[in-house]
Structures are given as C-alpha cells and as structure tokens.
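Here is a friendly note to read with the model open beside you. Take the points one at a time, and find each place on screen as you go.

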Amino acid sequence: MDSALIPKGVKRCSIGQFALWIAVVGAVLLWGVWAMLLCYFRGLNQTNMNNAYGFALWIWADLAVIALGGGAFFTGLLRYIFGKDELKHIINYAVLIGFICYSSALLILAIDVGQPLRAWFIFWHANVHSMLTEVAFCLTCYFGVLTIEYVPLVLENRQIDRLPFFHNLTHNMHGIMALFAATGAFLSFFHQGSLGGVSGVLYGRPFGFRTGLLVWPWTFFLYTWSAAACGPCFTLFITRITEMATCKKLVKDSVVELLAKIAGWMLLTYIVAKIIDTVYWAAVTAPAMGLTLMDFYSNNPGSAYGLWILIAEVGVCGVLPAVMLVAPGIRSNPSMRFIAVTLAVIGACLNRWVMVLQVQAVPVLPFEGWFGYMPSWQEIATTILPVAYGIILISLSYRYLPVFPQEQELNPIEGGK
Amino acid sequence: MDQQNGNTKKYGMVIDLDKCTGCGACMVACMAENNVPFREDDTDKLLSVSWMRVYRLGNGKPFPQVEECYLPRPCQQCEGHAGHSPCVSVCPATATDYDMRTGIVSQIPTRCFGCRYCMAACPYHVRQFNWWDPIWPDGMERMLNPNVSVRMRGVVEKCGFCFHRYQLATDKAYLDGRRELEEGEYQTACAQACPAGAILFGDLNNPTHAVHKIAQPDSTHGGRPRNPKAFRLLERLGTNPKVYYLSSKEWVRKAGDNQVQRTEQTPKA
Amino acid sequence: MEKPQVNVTSAASGHGEKEEGAGGAVILFFILGLVGSLLVGWVLFPQLLYSKKRQPVDFNHDKHMELVSDGCESCHFFRPDGTYSGVPQLAQCIQCHEEPNGEDPEEVKFVEEYVKKEREVPWLVYSRQPACVFFSHAAHVKMAKMDCVTCHGPIGESTSLKVYQANRITGYSRDIWGENMLGVKRKSWDRMKMDDCAECHAGAHVNPGSVQTQKDGCFVCHK
Amino acid sequence: MKIDRRCFLSFIVGGAAGTALSPLPWKITDDLSIWSQNWPWTPVPPAGETSFVTSTCTLCPGGCGISVRKVDERAVKVEGLKGHPVNDGGLCILGLAAAQLLYAPTRVRGPLKKVDGAWREISWADAIKEIAAKLADLRAKGQPQSVAWISESDRGTTAELCKRFLTVYGSPNYFRTPSIQDAYETALYLTQGQRAMAGFDVAQADFVLSFSSGLIEGWGSPAYMFRARNAMRQNGGRISQVEPRLSKTAAKADQWVPIKPGTEGALALGLVHVIIAEGLYRKNFIDSRSTGFDALKQIAGASYAPEAVSRLTGIEAKTIVDLAKAFAGAKKPLAVCGRGSGRIPGGLQEVLAVHCLNALTGSINQPGGVIAVPEPEYIDWPEPEMDAVASRGVQQPRLDGAGRDGFPLARYLLNRLPEAQTAGASAPVQALFVSGANPVYSLADTQAVAKAFSKVPLIVSLSSYMDETAAMAHYILPSHAHLERYEDVPAALGFPKPILGLSKPAVKPAFKTKYVGDMVIALAKAMGGPVAEAFGWESYEACLKQTLGNAWDTLVKNGYVVDAKFKPGEFETPSQKFEFNNPALAKLPAYAAQRAPGDEKSFPLTLIPYDTMRLASGPIGSPPFLVKALEETVLQQNTALVDVNPATAKDLGLSEGSAAVLSTPKGSARVKVHLFDGIMPGLVALPRGLGHTAYDKYLAGKGVNTNALISPVEDPGSGFEAGWGIRANLTRA
C-alpha cells in the first residue's frame, strides 16, 4: 500500500503490522497528551511538585534528553569539522535522535511553565544574566538547526525526491551542512553549558553550586563535556536497540567502533574532570558554605540520596564505561560495548537527576529536614509522551526515509526490486 | 523618584527572637494585607502560599532539657553581591529585580510565566508558587486590598516588604512636597501587627533608624551584624540578607547558620 | 544520445506548458491569499477585537472646565493621604446636580437615573490600567510637575465622551494599546502601555534602581 | 487555468505571509498574555478611598483597640489601634483575621426557623411574634423560670439587657459560660471582700510564676500580655513556667518546670509551706494587712512539705524549695494561674492556693501584683416594675443550684445545667436563648450537652454564624457581625486598670441581621405589659448612648476611656484585711489535687487539651487564615496531631506521623502522632479549637474537639467546672 514511499532496496514490515505498532505507541502518546491537557487546563496542581520542588521530573527529563541528544552536535562536529568521514553512515540517525530529543525538551518545557501563554516573555523580556535565558535562546536556535539538518533526510523520501525542486534543495542543503554543523556545535556548547549552569550558579544551594571560570561555573563545562561523551553513547544505544527491534544490522561495526572509541575517550576525560570537580566541591566549596559532604548524603529518609548515588554516577556509570570503551578488547565486543554505552547513558541521566532533584532535596536551612518527592501520574505520562513521540518518529523515519545508508549493503534483498 | 537625592535606602528588618512568641499574627497580618489566598486544606505547607512563615526551632535535646524558639521568616531581601541576589539573576524574564534604591527584591506576578527557577534558587523557601487558582468564598473577596494585585494561578509570589505601603507613603510625602520618608512612615504589615513588638523595620543605611542601631550592619563585610546578639540566616552563603535576627541564646544563633549538629526537627511531607 | 535528449526536451516543454498555465494560477492564488489575509488582519480583525460601548451618560468636559476654578483638580482631586481620586463619585456631582441645572437630556438622565436613585455611574474609564499597575499621580503631577495632557490628551476640551472600545480578549480600553493597530504613536497620549511609561522613565532624570535592567525598578510602577 | 493542489498551497502561503504582515498574530499573542494576567475568574479588588474606623475588638474579652481599614464601603483589614492602653498597635492573630469573619460564608443572612428539620427564612416581625407568643404561653402557665439565657459575659449593656429581660419576664436563669474568671472573682471576694475582676500587673512585676497559664497563648488580654511580658523581661524580670507541656509560654520562659497535670495547686501550697517555714513572707503585709495567717499555716502544713509535694507533682524537692526562694526573694513577684488561654474553667481551690502565695509576698493591689479591678458601674438603669408572675419566677431556685444548694459562692454554674436538664422526668428548661456563646461546642462532654439541649422545646440562637449551637436551635435570630455594631466593652480581661471600650460599626450590616440588644428590646416590646415597659429605649443604640452619657463622645472619638489614675480599693472584708480564714473559706473541703476522670487501667495515659494562639477556642470559630497558619505538627489534612513524648510513643509502638486512635471514657477519635520532647511522658496533648461540626469547609471536620473527649469535673465546694483533662489511651490505628 505504501510501498511507493519506502526507500528502494530495503525491506519493511507490512503496513498492517506497522499500523498496529503505531497504534500501540500512539495510545501511550494519547495518554501523555491527556495528561498534558490536564496540566494546561487545571494547572500544575496536577503534578506532585511543590514549593520545595519547583524543578522536578520534567526539568530532569529536559536536562537528560538534551544531554543524550548531544550525539547530534558532536557527531556532526566530528563528521563535518574534524573530517571523520566514516561517521556519515550514522550521522542521519544521530541527527534524528537529536531532533527528537530537542523537540521533546521544548515540549516538556512548554508544559512545565505555569503560564504557557506568556512563555514567550523569555525571549521578549529576556534577562541576560539568567542561565535559563541562554538555554531558551540556544535551545530554540539549535532546534532550528536540527530541523534544517533533518529536513534533507525527509526530502530524500522517494516520492519527494522525485520533484526536482526538492531534489536540488536537498543537494544544496547537503552542501552547506558543514556550516550548520559548526553552528550547531557552537550553540550546543552554550546551551549544554548553560544547562549545567542552571544549578551551578545557585549559590543559595550548596549542593549544586560550583565555582568556575568568569561567569560560568564548572558545571557549565562538565555538562558540555558529558553531553559530548554520552550523547554519542545514546546514539549508539538507540542504534543498537533499533537493530534489535528490526533484527537487522544497520550500521557497520567499524563506524560504531569509531564513535564508541571517541565517546570512550571523551567519557574518560570527562569523568576525570568530574572527579576533580567533586573533590574540590566536597573539600572546599561546600564546607565554605557551612555544609559538609555527608550533610548532602546522610540522614535522608530511606537513603534515597545516599553516597551510593555518587558512587553509581561517578564509578559504575562513569569510570567503568569509560574504561570499557577505551580498552579496544572490550570495545570490540558488541555486548560489552552495548553494556558500556548503556551505563554511560544511565550515568548522564543520573548526573542530571542529582543536579536537579538532589539540589532541592538537601535541606539548606538548618532547621529543615530533607524534602521528598514522588512524581504524579500526570508528570510521568507527560514525560513518557515524548518517548512515544520519539518512537513514532523513528518508526516513520526508518520506514520511509533512507536513515541508514549502509542498510541496503548490509541486508541485501534477494532478487532486489 | 529620588532623582536629585543620590542616597540609597536599604530597607531591612530586625526580628527579636527573644520577644517573638510564635503566635503567628505576622503571618495573618501579611495574608490579610497582601491578598494571600487560602484553600480548604492548607496543611501541606509546601503547597501553601504564606509569604511570612514562623518556623519552630528546637535545640534537639530530650525532655526536659528541650528548648524551643520561634523564627518568623519573611523574604530575606538578599542583596547578594551588588544586588545579584540568588533568585534575581536566575529569572529568565526579568520578573524579579533588585532595587538599588530601596534594597527590595521585587516580584511582578504578571511578568512571571511560572518557570520556578527562582524557587529552586532560594534557600529560604521564600518563593511560593500558585499551584491553584486563588478562590475566595462568596462574599469574602470584599476584603481584598486594592493596593496589592491578586496573583493568578501559575506564577511565583513572595514577600516584597509590603512595598505598596512604601508607594502609599511616598504618595503622601509627595503631596506634602517631601521627598524623604520619616522613620515609621513606611512599615510592613507584620511589623505593624506584631503584638510582641518583635519586628522592627526601617532603613539599614540610616544611622538614626532603630534597625541600624540594633543590627549595626558592617558594610565593609557585606552587612554582617556587629551586634553580637544578631545573626542572619545562612550568613555564609553570601546571600547578604536584610533581615537580622536577635537572640540571647547561643544555640539559636548557631542554628541560624548551619553551625549546629543537624537534628530532625519537623517531619516533611 | 539523441533520443534521451529529445525526450528530455519534450518532457521539459510539455511540463513547462502545464506549469505556465498553472504558474499563473499559483501566483494569483498567492496574491489572493496575501491580500485576503491582509484585509482580515488590518480591517476585519480590529472590528472583531474591539467592542464599542457608549458611556452611561455623556459628559461635557469643556463646559465643566469653564465653571470650575481649579482646572482638572477641581473634580479629579488628590485625597489628603496622597492618593488620587480618579473619576468623581456621585457625592461630588450632587453638590451641583441635585436637580437638573438645564434641559440637557443627558443631564436629566444623569439626575433621574443616578442622582435620584443614589446609584454610582458605571463610567467606562479610558485610561484604566491592569490591577498590577501602581500609578502615582502625586509623583507625576505634584513632584514632577507634569500636566494632565501629557498622558491623557486634551480631554478637558472635549464636549462629549467618545465611544469606549473594549478589547474583547483583555477587557481593557483600546486607548491603552492606542488607536493605531501597530501601536505607532504620534502624540505622547496616544498609548498607555508599559513601554510608554518606560520611555519617560528611561530618561536621564530618573535614577536607575534596577540591577537587572539598569532602568527604573519594577516596584516603581507595579504592585 | 487549472486549479490544483499547488494553487491551494500557494493560497495558504500567501495567506500566511499576509497574516504575518498584519497585526493579527502579534496583537493576539500580546492580548492573550494580558488576558492570562487578568483572568476573569481572578478577582480584582475595586480601588477607592481609604478610611479608618476606630473601634474595640469584641472577639474575645481582651478589649484591644482596633482600627478598621476601609476602602470605600468595604472593610479590608483590621489592625491594632496605636496608642491604645491595652494593645498599642499590636493585635492578635484572630483580631487580624477579623475581616474574614465579617465576610464569612457561614454568616447567617437573616432570621431562620427550623421547620421539619430544615431551615426556612422568616421575617423578623414574624420570628419575634412567634417567639414572644411561646414565651407568653410559658408565662401564662406560671413557668417563667423555665426560660434560660446563655451568654459569654454578664457585664456591659448587652448582658444587662438580657438579664433585665429575664428578670422582668420572671426567670433567674441567666448563665455565663464557665471560665477561670468564676474562680478568680470568687477568690477575690472571699479573701478581699471585693466584687472585682482580677487584673495582673505583669509589666511591673519582676518575677512571674505561672501555673500552666499560657501568658502568651491568649491568657487575659493577649496583646497586653505580650507587651507586658516583654516589658518585664526588658527590665530584668524573670518568668518561671510550671506546666506539663512545653507550651510557647514555657518555651519563652526563663525556666520551665514540668509538673504532673492537675497538681498545680498542690505546688502552690508547697511553695506556701516553704515560704512560711523559712520565714520568707512579707511580714509587714501579713502582720498589718491580713488575718488568719495561722489558718494558712495549718492548711499548708506538714502534708505540703517539699518532699510530699514532690511526690504529688513530680517536681524535685530541691526545685520546689528553690522556686519558693526565688519567688519570695523577688521584689515584685506575681503568681498567676488559669490554664491555657485563661478562659477555660478551673477550680476555686487552685486559684485560692495561688492567690495565697501572692498574699504571702504582699503582691495584692500593688504595682506588679494582682489588682482587684472593680466591676464597671456605668450602667444605672431604673429598677424595672415587676408583676407577680415575674416576682414569683425570680424567687425560684436557679436550675444549676448556684447561690444555694451547697454552692453558695457561685453565681453561674452552666456546667451543671446539662445534667439538671436530663436528670428528671420533665425538662426544667423550656426555652433557651443563646447569645455570644456556643455551648454545644465549648462545654465539656459535648454529647451530653447536645442531649440536654435536645430536650429544650425552644432554642433561640442569636449567633451571627451557623455554629454548633445555632445548628441545634429552632430559631436563629442572627446578630450583626462584630464590625457592624455598637457595643460597649466594659473591661479588658486581666488588664490591671478599669477600661471602657466602645465597639463601633465599621461597615453597614450586610445582611438582614439585628444586634442582640435590639432583638431583646424588640422581643420585650412584643411581649407587652411590664416586660415591654422595662424597655423604654427606642433602640439599642439609643440605650447605649443614654447609658454611657458623657463618655459617649470620647468613646466615639478614641474608642476607649481608661482610668489612668486608678488606685485599687481597700479590702472590703469585715476585718478590712486580707482574710486567710474567711468563714466561707473554712467551709471549703481540704485541698486535693484534681485527678483526671477515668480508670487508669484501661486508660493508662492522660489527655491534656492545650491552647494555641493560632486557634480560636471560644464561641467564635477560627477563620480560614488561622487554620492556614497552623503548624504542620498540629493538623495534617483533616487529622489533628497529638503531642506525645518519644519515650511514651516508643512504649506504645508509635512513631512520628503514626495514625492512632485516641480514646477516653467519653469517646474516641482518629489522630496522628507527633513526637515532642517537650511533653511529660504519659501525657497526650491535643489542641483546643478544632473538631467543629458546624461552620464552613475551611474549619468544619478538621481535627478533634477536645470537649467531646473530656468530661466535666465539679470543683468540690464551689461547684465550678474544674476539669483539665481526662484519662486516655492511644493505640495504633
């Protein structure tokens, strides 16, 4: 039925099967949309946020998806600026994942604000001192860049490509993609950094606060770095998942290994920097504000925020995957590589989690206790909403667009069309 | 508009914890003055809007050595470094600002679009979000004060040292042809109402004002109090607040700045 | 070699022919869309956006100005506490209008409908600002010695009250945004938006208080 | 020309371009943001002219001066009146929230009559006519004494009008709600012969010994006590608080002495014992201004030696001796008693013991001491003409036995009325008026009270609010709210000087209400005959103006008249001295510590209700702001928290926040546990003022009414209500 839309030389499941799959994911999406509408019309009382948790699950999801979407800018940077030409076989997918991540982030932000009708004030009445302003501007701009990067892929659809105008447009756009990659990298550096700055500048919150360079706290650089390290890991992670779902090899091992190797070295250097930062913070920054390291990790109900969380983030999901990806022997093993990138992805999420949630959980006033928080179903549904949306967009893109240039070569169809 | 007059004011408070009885009159005076909404169930203090909150502090000792102290907490009106209070610089839409001429951190709910970054930034939990639409039971909207705008759902609000009273006091002064306010002409609702007289309000920059005389702010050290009985909440964060507390008890003074062993005081939701 | 070339040409020409005819339609429809939406945006939209209301009673400012001794402040006075009384209340009007002074039907209506029934006139205030705005008339009139006309225009010379246009979305008078849909103003009283306040307040004579904007602080005009 | 898809697309693109070039999207975006700033369902208070009305607060007997801020005709806020001798600008939390009471949704908006269990609106004229007819019936049947009237006060023109009505009608059964004032007034009369109210010159004292009195929890005139406490501490004065729980007063005192509840009087006698034994008393006062010192010596004899008192009170003997020495050693010591807010009842025995302590140090009618503030005497109306029915009626014994039946000292014993009403076959009260009181909520054992009230064929509530008593009534004749009426405030409770205040209407009555005074006059007029003749006034306002005479103008202007040069009068006992051995006193049984009712085996714990400033526990229900201001350790959602010592909780297997069932011999309630180191082990404390069944959703159904869990305790000898708690049990829910 839709075979005319499907790229040449590849095999796709039947339309019925596909429709069923979309319907299932679509149901989840609708559940999320319902929750979103509740939040819009009844207000944010639908969430379990409170005056101690002004930032919660949504902001974490925002920070996490943006970090994981960092694969787009970093792979682009490697491909177009540093000339790692091999990565052209995965760049499409990296861009798509980035596009999904960033559009999701914008969507979540639009739900998160108390007065969505006034959300444009962030641009119109911008306060240049605010990290969030920087985030909003760079995020929006970079989302524009990602759209421009994604559009050529859409235009490569068999039917669209038949029109000369679009065919030429695609060609020309490819020609200037390096410029966009550079712009994207520049913008990403700043908004990934400013997201790090979001908690790093909070000098009223000793858990989040970091000293830094000029106006930028150390978390500014750590975030950019970790996004560059974990973003590609997430691209590899999703690629692997896609391969598992489609039961096909989609990207050659050499490409995957190259990206994994670069990500590994990024992760290793990042984690060293993170450890130095943590030690300096624990030994110098926080004590100067009257709190010791154990004030941040002890005495809380159910040990939800025990030292384990630091060990998990820096050790199990930081040092360990870094070493695994750097060591050629382990890296070349697909299963070990998959474990490593998965750990790295969890590590990035965990880092964003503590930098959003734990910052607010830790009591700062001496006569207050720890603050607990458990998201409401509306928050969870609206957070799953972009996941469902992402799956649908990936499914559609995979089905109708030549996302994986090596797919045809890796999965030859008998008789060919 | 003090266009000719260059000298700036720094309105601040001195709250004598030895006098404070924890009665809560300041909270209600504030709510009535500032059109603070209330809900059928306002017992979850983390969902409730109360610009002024009286905390109950304990010395953490068992019966019968236990001691208690009550600490009213309005907005601390942090000056931070050169007006960069923790919350002001983070607001993306310039909905909050630090006014160098009065030292007050303003909050404009109609500009705010509810991102809540300022709430995450404030260590004093001074900033509160309107999770619900403010609803007054039929007829009770008649008690609303026209000098303070009612906040809508989805925005952050906080204490602004009853700034509308400053506006009204200056109006009167202007009509009389004066530019300067006398001490006491501008008072916050809590200071006015406190039946124990525990809250003093005035210009910390003015050596003739009681608040200056009592707190003795050390301008060379970010306003640190020179009065040995005085302290500020979380002094070491460098928030440079304009609310000074007085206590003759050492454990209270230490509790104000994370210098005592932490003890679980009140359960949190 | 030839065949494909011919094919290409013919295909191109055939294609081109079709495109030419369609191209005209495309441009026409573009223009139709453009002009139509411009008309909607510039002509129809303002009609729909604003409702037109008549004041409950007409009022002749000019006639009253001749009779009073103290200009605008005769009726729009300052209260002893420094606040501004704004639109006069019935109690003030009654001082002269207990009974109709003349035969003007509007005055008769005023006396019959409001004075006799002791009902306040629900005047529609052209300059009514949102609840979050604090405007100190004392600061502007008494301290800065500004005249009323600067912001309110020559309303004192008017002989009749103009139609009140209320924005159906915001509920405020059109005079706040200004008559001009683009918000262009020629005279100082053409608009009453925050930017118009800020324009003056950004002037050198105002000592900036705001740390964030280096302009006047928010609480100067907000409550 | 062919119209195809591309034309349509082109049209859309052109339209989009045109729209973008028109003001439409931009103006709508801007207008929508302005709309979101002024949502039509978010109220905008109308601006107007600000004015202030000077008045006196009548929400409690504290007598604070208030300034009602108005914007045009709206009362926006109530603030303290600067320069007022009682509160000087400060105001308590309830007074500050008063505008919420004025505009409360539970205001009764006009006269109501209960028909088949449902409220029907009725006109004032009809309501008064119907009630007058029923009263006339009772009178015709020769039972005028079966009409009773309950009020919070028995002073001032309003109370006098009600009493006058009962008198000319023919009933002696006027009741004042029980409070510690009953015992204080009796104690002053017995020892000093003065018909007076007790004032406390806390400000000038230098050592205040408080027996469970919540000096900063609403005791006396709340704002005055706050200021006086500060003033005395500023001058180096000290406060010792003897109390089972670390109340706010205890926490802010210089010394907290935990004591077994109910043994405060025993401690007072123990201190008397030490002071006498060590010869620390003021000899000049004892020798020249008192009699019967030997009797006191005997009372506080060997059985009140420190060791014995220590066993009773749980306080170490050394502490008792030290306390006695500190008290007697102070220049101007002052001992006060009356638990909590000082408006809850207490026994005479205890008050006498504490009063004797004051006498030993001469702290009677002296600066810094207990001051006998004479009852106001400005009401001087001609004696009413009584007909035979009335004369016979008022000669009948009071239904509560006050003044006779072994309770010769008491004037009112409302606590004994419920039992009297239900004891016999026929109910003695046939008609009941309730004004300014909410007995169904505030008397101990509310179930018994409700049962007794259900046996009254005619209950007329004069409440402004739909409170518990009003809900039980047959008619509600709503009074003006306190900011809508004239009323004289004859005294400020606990204030050491005579002061007369005037409550003035700040706003016009919002509803079809009538002030109690006017209602009484109207009812009397409707009754006709001698009853009507006794009420010659045109209106309550006219009556008040005439009564206050010369003071009226000053009162209207300032809101109060204070006797600044007041000197306490001389003792009026037969001996003209302070009598430790008054004959009436001698008849009282020997002092015994009050035990909490209930069986110790099934109820191993003791429940003590406590007062907090953040809850109104009197006849007025807390407005929403007060409930909002409650700490999270007092109320969570609709469940009240009980204070329990961590050791006790551990024994019971309870932890912070545990759901539990609190049971007493009178009933049980679901509560949550709050671990509090500031309470003696074995006790459970619950705040007073919660657990309303009436009022609005901001108050009703929240927490537990302590009065529903406790039972009345009769003070031996005086008959006063003397309950302070009850045996209880706390089990995991």
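1. Start with an open sheet of four strands in chain B, whose order is β8-β1-β12-β11 with mixed pairing. Strands here are DSSP runs of E with at least two residues, helices are runs of H or I with at least four, and both are numbered from the N terminus. Two strands pair if DSSP finds at least two bridges between them. The edges of this sheet are β8 (199–203) and β11 (230–231) of chain B, each pairing on one side only. Strand β1 (residues 11–16) of chain B is antiparallel to β8(B), with five bridges between the two. To find that pairing, look for Gly12(B), which stands opposite Gly202(B) in β8(B).

2. A word on what you are looking at: this is a predicted model, in which local features need pLDDT of at least 70 and side-chain atom pairs count only at pLDDT 80 or more, while totals for chains, interfaces and linings use all residues. Residues are numbered from 1 along each chain as its sequence is written, and chains are lettered from A and ligands numbered from 1 in the order in which they are written.

3. Now step back to chain B as a whole, which has six helices and 12 strands. Its radius of gyration (taken over C-alpha atoms) is 18 Å, close to the 18 Å that the globule rule gives for 269 residues, so chain B is as compact as a globular protein of that length. The globule rule is 2.2 Å times the number of residues to the power 0.38. Along the principal axes, the C-alpha atoms of chain B fill a box of roughly 55 × 45 × 35 Å.

4. How much of chain B is buried? Of its 269 residues, 69% are buried. A residue counts as buried if 20 or more other C-beta atoms lie within 10 Å of its own, as exposed if there are 12 or fewer, and as partly exposed in between, with C-beta atoms placed from the backbone. Contacts tell us about the fold too: two residues are in contact if their C-beta atoms, placed from the backbone, lie within 7 Å. Among contacts in chain B between residues at least 6 apart in sequence, 60% join residues at least 24 apart.

5. Just after α3(B), Gly177(B) takes a positive phi of about 80 degrees.

6. Is Glu33(B) buried or exposed? Glu33(B) is buried, because 25 other C-beta atoms lie within 10 Å. You will find Glu33(B) in helix α1 (residues 25–33) of chain B. Leaving aside neighbours within four places in sequence, Glu33(B) is in contact with Asn145(B), Cys162(B), Ala189(B) and Lys77(D).

7. Finally, two strands of chain D deserve a look. Strand β13 (residues 333–340) of chain D has eight of its eight residues buried, and pairs in the parallel sense with β9 (residues 207–213) of chain D over six bridges. Strand β26 (residues 667–675) of chain D runs parallel to β24 (residues 639–644) of chain D, with four bridges. With β25 (residues 659–664) of chain D, β26(D) pairs in the antiparallel sense over six bridges, and a hairpin joins β25(D) to β26(D) through two residues.
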